Amino acid sequence: MSTEQTAGTKARRGVPAALVWLVAVVSMAGTVGAMLLFQNIQTRKFEAASSVIRIVELTERTVDPAEWGKNFPRQYDGYVRTSDNPRARAGLSDSLPADEGEHEGDGKAVSKLDENPRLKTIFNGYAFAIDYRERRGHAFMLHDQRETERVKQRQQPGACLNCHASNVVAYREAGLKAGAPGTLDDPLLSASGRAQLFKGWENVNPMPYHEATGLVSHPVTCLDCHDPDSMRLRITKPAFLEGIAALARSDDAVPHLPSIERWRASGRKGEYDPNDLATRQEMRSMSCAQCHVEYYFKGNEKRLTYPWHKGLKVEQMEAYYDEVGWDDWVHKDSGAKVIKAQHPEFELWSQGVHARSGVSCADCHMPYTREGGVKFSDHQIRTPLANVARACQTCHQYTESEILARVDAIQTRTRGMMDRAETAVVDLIRAIVSAKEAGASDEQLALARDLQRRAQWRADFMNAENSMGFHAPAESLRILGEAVDLARQGVVEAVKAGGTAPASEARPAAGK
Ligand code: HEC
Ligand code: HEC
Ligand code: HEC
Ligand code: HEC
Ligand code: HEC
């Protein structure tokens with residue numbers, strides 16, 4: 001139990017009384033402001049000084065979250081409960097009854113491919129056409145990765161582990177083995193700690209998955225987000241450190257990441273490093289952006305890379321992939337060179353009004369909660385819609401049903417446009433196939449295939465993103481509108497090359 005938090009709350013309770021007294025005696029507004037600030041500082045100092053009852057000592061070696069749970073039982077309790085998260089509204093077929101659990105009979109998450117057979121056509125020739133499921137709580141991340149047919153039927157690299165395990169210690173141990181300096185007791189963010197982390201990461205990335213996964217034993221844990229000594233948030237994933245430094249070097253405006261703007265304004269010295277420069281509020285999003293992002297594996301070393309070198313927008317990442325010549329696979333039916341999008345939550349959130357207003361991932365997905373007099377962050381990371389009172393109504397003074405109706409409007413519009421975009425992509429694939437069958441050459445098909453790459457990337461980007469448009473509604477509709485346009489242009493090109501335009505299920509009945 002944390003004396004820090006209890007004491008802190010008591011001190012805060014004292015504020016209103018002090019305020020009334022102050023206002024009565026000292027009527028100068030300036031003085032009141034100064035006193036309040038002082039009071040606030042005193043409260044914080046008190047919180048910082050009176051430390052938690054440390055039942056166990058936490059070190060850079062403490063991977064097991066249960067150990068941390070002895071000092072921080074409330075956070076641990078929430079963390080464990082990610083295994084019984086309620087289902088999100090978004091991304092799930094509306095035809096499934098709402099009370100059906102998130103598991104299918106075989107203990108796996110719901111299949112996206114069964115829900116939406118268009119995806120089998122869109123991903124044909126790639127592992128995602130074999131097995132692709134809805135996400136679920138953090139407690140399942142390692143298990144679900146080990147069990148997916150994408151890993152069982154296809155050879156995958158150790159780089160997959162980056163976002164599915166607690167791997168700080170595993171990387172450091174691998175780094176030490178490969179000759180990095182220091183010991184495991186060095187603070188992670190010391191020069192030797194970092195050297196171990198990066199060296200190990202580079203060594204584990206190209207290992208075969210089944211070998212690499214033997215090095216880890218837990219899903220993301222406390223150590224991956226927190227410093228064991230100060231409990232401050234920290235970034236521990238090398239790929240994020242490299243990705244965010246690349247973003248900082250670009251000229252993409254990032255008003256929602258003020259520490260990057262400051263680093264740029266003060267002469268872009270060295271590399272931008274969030275562990276030194278990011279504000280606490282930025283860290284409340286960046287700790288999630290270590291994993292909830294678009295990625296690819298670069299080169300034979302399978303270096304996990306976030307494609308932010310030109311910016312975070314869908315077309316900027318596409319331009320990066322074009323420049324480095326990256327394709328995830330060649331589409332089995334059409335022969336187009338295509339890219340698979342993966343969970344770009346951070347990138348989409350970045351384009352929305354919440355990010356712009358300084359609202360972090362944790363504000364909605366880990367809202368403060370109270371137990372008795374204790375205030376803490378809800379570590380049952382899940383859909384905020386299970387918890388509108390704490391996740392939204394702290395800022396929005398509407399009824400719960402009104403807030404849900406607003407989310408519903410955004411998600412329903414996005415879903416409708418996404419259906420059209422995916423249908424248009426499937427139509428394009430069919431049109432290219434018919435042109436191929438009619439004898440069109442690769443040269444004649446080049447433009448239609450290029451348009452498939454662009455249309456599919458956009459439609460998939462929105463499907464792979466997990467908020468069904470909520471994180472940035474206008475941006476979502478822009479992306480899907482472009483997807484429809486590009487796919488339909490592609491159909492025109494395929495027809496020019498000798499194909500036929502398929503009868504589309506998206507075509508409205510007469511009069512609609
Ligand atoms: C203003 C509140 C808000 C912010 C800020 C926010 N989200 Fe969300 N997020 C939502 C809502 C609402 C949904 C849709 C939930 C649903 O459909 O049930 C969602 C959905 C999600 C989902 C899928 C949820 C599930 O249960 O399957 C993920 C993952 C996610 N967000 C991650 C993030 C990340 C990462 C960030 C920061 C980069 C972020 N969110 C920022 C409100 C927010
Ligand atoms: C180490 C990588 C990693 C980090 C860090 C991370 N996540 Fe996740 N998150 C995942 C993975 C992987 C899954 C999917 C697990 C599965 O389906 O088995 C997931 C699932 C989720 C879900 C869906 C839960 C559900 O019940 O369906 C939400 C919401 C979410 N994460 C939000 C966040 C937020 C907010 C943060 C930051 C506070 C965060 N995540 C940090 C990797 C991560
Ligand atoms: C950059 C971080 C990151 C990397 C690298 C990563 N994942 Fe994930 N993975 C996530 C996140 C975040 C989720 C949850 C959101 C979602 O499902 O869209 C997830 C979900 C999953 C899921 C559950 C849903 C599904 O897609 O069926 C599986 C299985 C999975 N990943 C396997 C893999 C495999 C295999 C690799 C290596 C090829 C890999 N992951 C690499 C972050 C990552
Ligand atoms: C995915 C990242 C992530 C993981 C994993 C995680 N936390 Fe946190 N934790 C956060 C965030 C974000 C905050 C809010 C920090 C802030 O506002 O400065 C937080 C805050 C805290 C705090 C400060 C008090 C509070 O509740 O706000 C404690 C203590 C804490 N976490 C303990 C734990 C423990 C124990 C575990 C493991 C069982 C854990 N955390 C796992 C992200 C994480
Ligand atoms: C920390 C404060 C904060 C929290 C928490 C928050 N919001 Fe917001 N929200 C804002 C701000 C600020 C705006 C922008 C309004 C403005 O500037 O006029 C906004 C705008 C919106 C909008 C309209 C903008 C758009 O994206 O189209 C919706 C809808 C919305 N919020 C829903 C939610 C929901 C649902 C939740 C909970 C999951 C939530 N908000 C949580 C502060 C917050």
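Colleague: By class, what residues does the shell around ligand 1 have?

Modeller: The shell around ligand 1 has 14 nonpolar, eight polar and five charged residues. Here Ala, Val, Leu, Ile, Met, Phe, Trp, Tyr, Cys and Pro count as nonpolar, Asp, Glu, Lys and Arg as charged, and the others, Gly among them, as polar. Before we go on: this is a predicted model, where local features need pLDDT of at least 70, side-chain atom pairs count only at pLDDT 80 or more, and totals for chains, interfaces and linings use all residues. Residues are numbered from 1 along each chain as its sequence is written, while chains are lettered from A and ligands numbered from 1 in the order in which they are written.

Colleague: OK, and how many residues surround ligand 1, and which are the closest?

Modeller: There are 27 around ligand 1, with A88, A90, C361, C364 and N466 the closest. A residue is near a molecule if its C-beta atom, placed from the backbone, lies within 6 Å of it. The elements giving two or more residues to that shell are α16, α18 (345–349) and α20. Helices (H or I, at least four residues) and strands (E, at least two) are DSSP runs, numbered from the N terminus.

Colleague: Which element gives the most to the shell around ligand 1?

Modeller: That's α20, with four residues. α20 also has the largest share of the shell around ligand 2, three residues.

Colleague: Let's do ligand 2 then. Which residues come nearest?

Modeller: N85, D144, C288, C291 and H365, out of 25 around ligand 2. Two or more residues come from each of α7 (141–147), α16 (280–289) and α20 (361–365). By class, the shell around ligand 2 divides into twelve nonpolar, eight polar and five charged.

Colleague: And where does ligand 2 lie relative to the domains?

Modeller: Ligand 2 lies between domain 2 (65–88 + 113–353) and domain 3 (366–394), because both give residues to its shell. The domain bounds come from an automatic or database domain assignment.

Colleague: What about ligand 4, where does that one lie?

Modeller: Ligand 4 also lies between domain 2 and domain 3, since both give residues to its shell. 23 residues surround ligand 4, and the closest are Q75, C222, C225, F376 and S377. The elements with two or more residues there are α3 (65–71), α4 (73–80), α12, α16 and β6. The shell around ligand 4 divides into 13 nonpolar, seven polar and three charged.

Colleague: α16 keeps coming up. Is α16 largely enclosed or largely open?

Modeller: Largely enclosed by the rest of the structure, because eight of the ten residues of α16 are buried. A residue counts as buried if 20 or more other C-beta atoms lie within 10 Å of its own, exposed if 12 or fewer, and partly exposed in between, with C-beta atoms placed from the backbone. The buried ones in α16 are E282, M283, R284, S285, M286, S287, C288 and A289.

Colleague: What covers the buried residues of α16?

Modeller: The cover includes α12 (222–225), α13, α14 (258–265), α15 (274–277), α18 and α20.

Colleague: Switching topic: how do β5 and β6 pair?

Modeller: β5 (residues 368–371) and β6 pair in the antiparallel sense over four bridges; pairing requires DSSP to find at least two bridges between two strands. Y368 has S377 as its bridge partner, and T369 stands opposite F376. The hairpin has two residues between the strands, and G372 takes a positive phi near 60°.

Colleague: Last one, T383. Where is the place of T383?

Modeller: T383 is in the loop between β6 (374–377) and α21 (388–391). T383 is partly exposed, with 17 other C-beta atoms within 10 Å. Not counting residues up to four places away in sequence, T383 touches P86, A88 and R89, where contact means C-beta atoms, placed from the backbone, within 7 Å.

Technical notes
Contact = placed C-beta atoms within 7 Å.
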